[in-house]
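Thanks for coming, everyone. I'll walk through one structure today, piece by piece. Please look at the screen.

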Amino acid sequence: MSQDTLKRLVSQAAADYILTRIPEGAVIGIGTGSTVNYLIDALASHKVFNARYHGAVSSSNATTARLKMHGIKVLDLNDIETLPVYIDGADEINHHGHMIKGGGGALTREKIIAQVAEIFICIADASKRVNTLGHFALPVEIIPLARAALSRKFLALGGRPVLRTTANGAPYLTDNGNQIIDVHGLQITDPVTLEAKINSWPGVVTVGLFAKRPANLCLLASATGIEMIEYGPCPQAS
Ligand SMILES: O=C[C@H](O)[C@H](O)[C@H](O)COP(=O)(O)O
């Protein structure tokens with residue numbers, strides 16, 4: 001089964017999960033990426049989303065555009081007091097629900113919304129599950145002025161920092177107008193400590209480690225079906 005097929009299957013399962021478990025009137029937090037694109041399509045195909053829910057909070061311009069294309073109401077996080085669930089993909093997820101995210105560049109808005117949500121549901125194909133995070137380069141959104149100084153710090157950590165660029169070689173810019181350094185070659189054995197450390201460096205906007213706020217639940221698709229992995233409540237999320 002292709003990775004794309006698995007992404008589609010897990011997204012359909014996630015849409016069913018939301019529609020059967022999340023109470024009417026709720027706002028749903030929606031992440032970013034190819035897996036989430038399938039989720040948005042699956043939610044829209046059920047036709048009842050708008051009647052059942054107050055709307056969605058979006059983690060990127062791309063997600064906002066897709067939600068709107070389907071006629072799903074997009075709300076501003078600033079107008080929301082509670083968010084029962086945030087659902088998003090991941091680039092890697094370990095056995096504690098810690099994730100690397102930001103392959104699609106949306107890590108900052110994703111982390112802001114995830115922090116507000118009561119429950120974080122990760123949807124992924126089984127290739128994303130790892131024992132140790134770091135095979136996927138760690139994305140870090142940065143203020144451009146800090147690029148060289150931060151690159152030296154990532155080198156000192158044992159990583160290989162690479163500025164993310166577009167197809168024409170220009171620096172990639174996030175929805176927030178910042179740049180991204182992808183740090184290759186890290187073996188992240190203590191994600192909670194590394195997240196706090198990188199976050200404390202001036203010029204870092206967001207590190208794409210989601211360890212302080214891990215997933216509570218992961219729907220993981222493989223050739224044998226959809227596995228539902230629970231990591232338990234997240235004390236930091238309250
Ligand atoms: O910035 C993007 C997000 O963190 C995505 O959730 C992550 O990159 C996974 O994306 P995909 O579902 O396309 O593999």
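We start with a definition. A residue is buried if 20 or more other C-beta atoms lie within 10 Å of its own, exposed if 12 or fewer, and partly exposed in between. Keep that in mind. Also keep in mind that this is a predicted model.

I22 has 18 C-beta neighbours inside 10 Å, so I22 counts as partly exposed. Where does I22 lie? I22 is in the loop between α1, residues 3-21, and β1, residues 27-30. Now look along the chain to P84. I22 and P84 are 62 residues apart along the chain. Yet their C-alpha atoms are separated by 7.7 Å. Which residues is I22 in contact with, leaving aside its neighbours within four places in sequence? They are I28, P84 and V85.

Next, K47. K47 sits in the loop between α2 and α3, and α3 covers residues 49-52. K47 has 10 other C-beta atoms within 10 Å, so K47 is exposed. Its backbone deserves a look too. Most residues other than glycine have a negative phi. The phi of K47 is near 65°, a positive value in a residue other than glycine.

Now a residue with an annotation. UniProt places the feature "active site" at E110, and the entry is unreviewed. E110 lies in helix α5, residues 107-116. Is E110 buried or exposed? With 31 C-beta neighbours inside 10 Å, E110 counts as buried. Remember the cut-off: 20 or more means buried. Leaving aside neighbours within four places in sequence, E110 is in contact with G31, T32, S59, D88 and K101.

On to the ligand. How many residues surround the ligand? The number is 17. The closest are G33, T35, G89, G103 and G104. By class, the shell around the ligand has three nonpolar, ten polar and four charged residues. Two helices to note here are α2, residues 34-45, and α5. Each supplies at least two residues of the shell.

Now the sheets. A general point before the details. Strands of a sheet pair through backbone hydrogen bonds, either parallel or antiparallel.

Let's zoom in on some pairs. Strand β7, residues 117-125, and strand β13, residues 217-222, run parallel, joined by five bridges. I121 has L217 in β13 as its bridge partner. I123 stands opposite L219 in β13. Now take the other pairing of β13. Six bridges join β13 to β14, and these two run antiparallel. Here L219 stands opposite M228 in β14. How many residues lie between β13 and β14 in their hairpin? Two residues do.

There is also an open sheet of four strands. The order is β9-β10-β8-β11, with antiparallel pairing. β9, residues 160-163, and β11, residues 204-207, stand at the edges. Each of these has a single partner strand, so one side of each is left without a neighbour in the sheet. The twist averages 30° from one strand to the next.

Look at β8, residues 138-142. β8 and β11 pair in the antiparallel sense over three bridges.

Technical notes:
Residues numbered from 1 in each chain as written. Predicted model: local features only at pLDDT ≥ 70, side-chain atom pairs only at ≥ 80, totals over all residues. UniProt positions renumbered as here; feature names shortened; annotations may be inferred. Contact = placed C-beta atoms within 7 Å. Near = placed C-beta within 6 Å. Nonpolar A, V, L, I, M, F, W, Y, C, P; charged D, E, K, R; others polar. Pairing = 2+ DSSP bridges. Axes fitted to C-alpha atoms, helices over the stretch in contact; angles between N-to-C directions.
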